[in-house]
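Have the structure open beside you as you read.

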Amino acid sequence: MTEPSQSAMSLRAKLLSLVAGVVLLGFAITVAVLTWQASTMQRHTALQYTEELAARNAAQVQGELDEALLAARALAQALGGMKAQNHADRAAADAMLQGVLAGSPRFLGVWTAWEPNAFDGRDAEFAGKAPQHDATGRYVPYWNRGTGQLSVEPLVDYEKPGAGDYYLLARNS
């Protein structure tokens with residue numbers, strides 16, 4: 001057999017180089033496209049997961065807020081009903097507030113605040129009589145778990161702008 005000529009070898013080398021280059025280019029393009037698709041799919045999956053997680057957490061928070069809102073509305077209706085029927089009784093109202101707090105372990109506290117003599121017209125009798133009343137005798141109990149146990153104390157600063165906005169903003173609107 002005769003040895004291939006140098007020009008024939010270089011033709012083989014050229015063809016081999018060309019085929020290898022095309023294969024490598026095809027491989028590189030395939031890897032790039034697959035990487036881009038995987039990245040896009042991963043991003044889409046991550047966004048979908050975070051949206052589902054956010055929706056689940058939002059539903060849980062909404063449920064907790066709804067629970068508190070329903071409790072507040074029920075208390076407002078019950079206390080308003082007592083007042084409307086001229087059966088306003090501070091001890092019974094305290095029992096309701098305490099019962100709602102005891103039955104709702106996630107609540108830090110429950111409270112009610114009434115304008116002067118608006119609950120039962122007996123503020124003068126209760127002036128300075130703790131724990132549900134302040135010096136004015138207004139019915140302003142704040143049942144809470146601040147000490148780890150259920151306890152009651154009078155609301156403070158409810159007539160003071162800023163600190164008393166929890167009461168003043170609702171009253172004035």
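What follows is a short briefing, grouped by topic.

Please keep in mind that this is a predicted model.

- Strand S2 (residues 141-144) and S3 run antiparallel and are joined by four bridges.
- Across from Trp143 you will find Val152, in S3.

**Nonpolar cores**

- In soluble globular proteins, nonpolar side chains tend to be buried together.
- The largest nonpolar core here has 15 residues, and the members that touch the most others are Leu79, Leu97, Val110, Phe119, Tyr139 and Trp143.
- Helix H1 (6-84) and H2 are the elements that contribute two or more residues to this core.
- H1 supplies the largest share of this core, with four residues.
- Another core lies apart from this one; it has six residues, among them Val140, Leu155, Tyr167 and Leu168.

**Aromatic pairs**

- How many aromatic pairs does a search of the whole structure find? There are four.
- In one of them, the ring centres of Trp111 and Tyr166 are 5.2 Å apart and the planes stand at 90 degrees, so this pair is edge-to-face.
- This pair links distant parts of the chain, with Trp111 in strand S1 and Tyr166 in helix H4 (residues 165-172), 55 residues apart.
- Trp111 counts as partly exposed, at 35% relative accessibility, and Tyr166 is partly exposed as well, with a relative accessible area of 32%.
- The rings of Phe119 and Tyr139 have centres 4.9 Å apart and planes at 25 degrees, so they form a stacked pair.
- Phe119 sits in the loop between S1 and H3, while Tyr139 sits in the loop between H3 and S2; the two are 20 residues apart, and their pair links distant parts of the chain.
- Phe119 and Tyr139 are buried, and together with Trp114 they form one aromatic cluster.
- Beyond its neighbours within four places in sequence, Phe119 has contacts that include Leu79, Met82, Ala93, Trp114 and Tyr139.

- Is Asp120 buried or exposed? Asp120 counts as buried, because its relative accessibility is 18% and the cut-off for buried is under 20%.
- Asp120 lies in the loop between S1 and helix H3 (123-126).
- The side chain of Asp120 makes a polar contact of 2.8 Å with the side chain of Arg90.
- At 3.0 Å, the Asp120 side chain also reaches the backbone nitrogen of Arg122.
- Leaving out residues up to four places away in sequence, Asp120 touches Ala88, Arg90 and Phe126.
- His87 is 33 residues from Asp120 in sequence, and their C-alpha atoms are 8.1 Å apart in space.

**Gln132 and its partners**

- Gln132 is located in the loop between H3 and S2, and at 14% relative accessibility it counts as buried.
- Which side chain makes a polar contact with the side chain of Gln132? The partner is Asp94, at 2.7 Å.
- Not counting residues up to four places away in sequence, Gln132 touches several residues, including Tyr139, Val140, Val152 and Pro154.

**Ala92, for contrast**

- Ala92 belongs to helix H2 and counts as partly exposed, at 32% relative accessibility.
- Ala92 and Gly162 are 70 residues apart along the chain, and 31 Å separates their C-alpha atoms.

How values were computed
Residues are numbered from 1 along each chain as its sequence is written. This is a predicted model: local features need pLDDT of at least 70, side-chain atom pairs count only at pLDDT 80 or more; totals for chains, interfaces and linings use all residues. Side-chain values use heavy atoms; hydrogens and water are left out. Two strands pair if DSSP finds at least two bridges between them. Buried means under 20% relative accessible area, exposed over 50%, partly exposed in between (1.4 Å probe, protein chains only). Contact means heavy atoms within 4.5 Å. A polar contact is a pair of N or O atoms within 3.5 Å; within protein, one must be able to donate a hydrogen and the other to accept it, and residues adjacent in sequence count only if both atoms are side-chain atoms. A nonpolar core is a set of buried Ala, Val, Leu, Ile, Met, Phe, Trp, Tyr and Cys residues joined through side-chain atoms within 4.5 Å. Rings of Phe, Tyr and Trp (its six-membered ring) pair if their centres lie within 6.5 Å; planes under 30 degrees apart count as stacked, over 60 as edge-to-face and the rest as tilted.
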